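Hi,

Here is the structure I promised to pass on. Please have a look, and my notes follow below.

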Amino acid sequence: MDKGTYMAVSPAAVIPGALPDFRIYVRTAQGTYSLWALEGNKVTTAQLARLSEGGHREIYVDLEEQFKYEQYLEDHLGHILENKAASDDQKAQIFSKVSTNVVKGAFEASLGLGTMDNAALDRTRKLIENALAFITESKSLQALTKLIGHDYQTYEHATKVLWLTVAFLRGREEILEQIVPGYESRDENEKKAILQQCAVGALLHDIGKVFVAHEILEKSGPLTEVEWEIMKRHPLNGLAMLIDTQVPVYVRKAVLHHHEDFRGGGYPMGFEGEQITPLGRVLRIIDVFDAMTSRRPYKDPMPPMKAARIMIGAPAGPAQGGTIPADERDQGMQKCFDEALLKKFIVFLGDVKLGG
Ligand SMILES: [Fe+2]
C-alpha cells in the first residue's frame with residue numbers, strides 16, 4: 001500500500017488490555033508497513049515490550065482510520081496519561097492533541113446553535129477530569145512547557161491557556177480563595193471540583209468566537225472599525241452561550257471579563273479593578289502571555305521571560321538596565337493586568353523554569 005496513507009503514532013497511546021477500534025501497523029526495514037494488531041484485539045504488555053525491544057519508536061495507523069484512533073485517545077485519555085511506560089513528552093503530546101480536538105468539537109457543535117452544546121460541554125468536562133491529574137503533576141510541567149512557542153491557533157491556544165491556568169492556580173490557595181471565597185475551608189474533592197471549573201473557563205474562554213467570521217479571526221492585517229466591533233463582542237457572546245449551562249457564575253463572569261483591563265479601557269464592559277472577577281484577571285494575563293509567546297505567521301515566538309518583562313512594563317534593553325526606553329506600546333500593556341497577580345504569575349514562570 002502507498003506509504004503516504006499511514007500516520008505515525010506513539011506506542012504510548014496503546015493501552016495494554018484495551019481494544020483499539022483500528023488496525024495497527026509497524027514499519028519494516030524495507031520501508032513497507034506490516035500489520036501488527038487487528039482492530040478489536042487486545043494488545044498485551046509483552047507485545048508492547050517486544051515492540052520497543054525491536055527498536056520501534058513509532059507505530060502506524062491507516063489515515064482512513066484517523067478518526068477512530070482519535071476517538072480511542074479521547075476515550076482512554078485517563079489511562080494513557082497514567083501509563084508508566086510512556087514518557088511525559090509523549091503524554092503531553094497526546095493530551096494536547098485530544099484537547100485541541102475537544103475544543104474544536106465544542107466550537108463546531110455550538111456553531112449555529114447560539115448556545116453551548118450540552119454534549120460538547122460534557123466532553124470538555126470529561127477531558128479535564130481525565131487530564132487534571134497529569135497537568136497538576138509537577139513532573140509533567142516540563143513536558144507541557146514545550147508547547148510554549150508553538151503556533152497560535154484558536155484551539156491550540158485554548159489548550160495552552162488551560163494548562164497554564166491549571167498549573168498556575170494549583171496550590172495557590174490564596175488566588176483560589178479570591179476566585180471562590182470560602183475555598184480554603186472546602187474539602188479536597190470540592191477543591192478539585194473548583195480547579196476543574198476554572199479549567200473549563202480557561203478552555204472555553206473564547207467560545208464566543210464561534211460568532212465571529214473566519215475572515216475576521218484569521219485576517220493578518222489590521223481590522224476595520226466594523227470588524228473590530230464584531231470581534232469585541234466575543235466575551236459577551238461567550239457569556240450568552242453559557243447561560244443555560246451548569247457552568248458556575250464565577251466561570252461565566254471570567255469568560256465575560258477576560259479582555260477587561262485592570263486600570264480600565266478594556267472590553268466589552270469597560271470595567272476596572274475589583275469589578276473584574278479574579279478568574280477573569282487571571283485569564284487576561286495568561287491569554288496575553290500565550291499570544292505573545294506563540295508563533296504567528298508574521299512573527300517568531302517571544303521568549304517567555306521577555307514577554308513577562310513587557311507585560312509588567314519593565315524597560316527593555318541591554319540587561320534591562322533601563323537605559324533604553326521601553327516601546328510606548330509595551331508601556332501601555334501594564335495597565336491591562338492586576339499587578340499582584342501578574343507578579344505571582346511571573347514567579348510561577350520562574351518555578352517551572354521557563355527560561356528565556
Ligand atoms: Fe478572547
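To start with the helices, α9 passes α13 in a right-handed crossing (the near helix is turned clockwise from the far one by less than a right angle). Helices here are DSSP runs of H or I with at least four residues, and strands are runs of E with at least two, numbered from the N terminus. This is a predicted model, in which local features need pLDDT of at least 70 and side-chain atom pairs pLDDT 80 or more, while totals for chains, interfaces and linings use all residues. Residues are numbered from 1 along each chain as its sequence is written, and side-chain values use heavy atoms, without hydrogens and water.

The contact (heavy atoms within 4.5 Å) involves Ile-194, Gln-197, Cys-198 and Gly-201 of α9, which meet Tyr-250, Val-251 and Val-255 of α13.

Now the strands: β2 (residues 24–27) and β3 (residues 33–37) run antiparallel and are joined by four bridges; strands count as paired if DSSP finds at least two bridges between them. Tyr-25 has Leu-35 of β3 as its bridge partner. Five residues separate the two strands of this hairpin, and Gly-31 in the turn has a positive phi of about 85 degrees.

Finally, the whole structure holds 20 salt bridges (a side-chain nitrogen of Lys or Arg within 4 Å of a carboxyl oxygen of Asp or Glu). One of them pairs Arg-23 with Glu-39, with the closest N and O atoms 3.0 Å apart. Arg-23 sits in the loop between β1 (6–9) and β2, and Glu-39 in the loop between β3 and α1 (45–53), so the pair ties together parts that are 16 residues apart in sequence.

Best wishes
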